[in-house]
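Have the structure open and follow along.

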Amino acid sequence: MIGLLQRVSEAKVTVDGDITGQIDKGILLLLGVEKDDDEIKAKKLFERVLNYRIFSDQGGKMNLNLQQVGGELLVISQFTLVAQTNKGNRPGFSQGASPQLGESLYNYFVKLGERSEVSCQTGIFGANMQVSLVNDGPVTFSLQV
């Protein structure tokens with residue numbers, strides 16, 4: 001499971017012109033699910049996302065996590081994150097989860113977010129989404145479990 005975290009001052013996702021998720025300060029998470037992923041990996045990644053210290057403290061150092069700054073989380077499914085890009089001119093997707101497994105683990109991840117103390121917004125799994133954001137920093141990290 002791969003998560004691409006972007007520290008944002010604002011972000012939103014639209015589907016067919018309708019906003020499906022919108023946050024202010026927080027993390028935009030692009031979530032990629034691989035064929036060998038399971039709920040254990042999803043929970044581990046979720047906990048890392050919540051606790052990853054990418055927000056600045058009073059001294060300007062990245063010492064604070066999403067919860068400590070009262071930030072929000074926007075989760076977007078992104079199957080292209082799991083693409084093999086190490087050779088050729090076309091990405092390969094043989095490591096990607098089936099649509100059924102991908103959707104199931106995406107929904108599980110979102111449920112973890114909804115049960116947490118942070119505000120969690122989402123896109124729509126499998127939809128053609130338009131994502132806009134203001135990357136704060138810019139700060140972007142890739143996490144993999």
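Setting aside its neighbours within four places in sequence, Val110 is in contact with Val75, Cys120 and Thr122. Keep in mind that this is a predicted model. You'll find Val110 in helix H2, which covers residues 99-115. Is Val110 buried or exposed? Its relative accessibility is 8%, and the cut-off for buried is under 20%, so Val110 counts as buried. For a sense of distance, look over at Pro138: it sits 28 residues from Val110 along the chain, and the two C-alpha atoms are 25 Å apart.

Now hop over to Val75, one of the residues Val110 touches. Again leaving out neighbours within four places in sequence, Val75 has contacts that include Leu29, Leu31, Tyr106 and Phe109, as well as Val110 itself. Cys120 and Thr122 are on the contact list of Val75 too.

Next up is the packing. In soluble globular proteins, nonpolar side chains tend to be buried together. Here the largest nonpolar core has 26 residues, and the ones touching the most other members are Ile27, Leu29, Val49, Leu73, Val75 and Phe109. Which elements supply at least two residues each to this core? They are strand S3 (26-32), helix H1 (39-51), strand S6 (72-77), H2 and strand S8 (130-144). H2 gives the most, with six residues. There's also a second, separate core of 10 residues, with Val8, Ala11, Leu30 and Ile76 among them.

With 15% relative accessibility, Thr14 counts as buried. Beyond its neighbours within four places in sequence, Thr14 is in contact with Ile19, Thr20, Asn128, Met129 and Gln130.

Finally, the charged pairs. How many salt bridges does the structure hold? There are two, and here they are:

| Salt bridge | Closest N and O atoms |
|---|---|
| Asp136 with Arg7 | 3.4 Å |
| Lys41 with Asp37 | 3.7 Å |

Asp136 lies in strand S8 and Arg7 in strand S1, so this pair ties together parts that are 129 residues apart in sequence. Asp136 is partly exposed, at 33% relative accessible area, while Arg7 counts as buried at 9% relative accessibility. As for the other pair, Lys41 is partly exposed with a relative accessible area of 28%, and Asp37 is buried with 6%.

Methods: Residues are numbered from 1 along each chain as its sequence is written. This is a predicted model: local features need pLDDT of at least 70, side-chain atom pairs count only at pLDDT 80 or more; totals for chains, interfaces and linings use all residues. Side-chain values use heavy atoms; hydrogens and water are left out. Helices (H or I, at least four residues) and strands (E, at least two) are DSSP runs, numbered from the N terminus. Buried means under 20% relative accessible area, exposed over 50%, partly exposed in between (1.4 Å probe, protein chains only). Contact means heavy atoms within 4.5 Å. A nonpolar core is a set of buried Ala, Val, Leu, Ile, Met, Phe, Trp, Tyr and Cys residues joined through side-chain atoms within 4.5 Å. A salt bridge is a side-chain nitrogen of Lys or Arg within 4 Å of a carboxyl oxygen of Asp or Glu.
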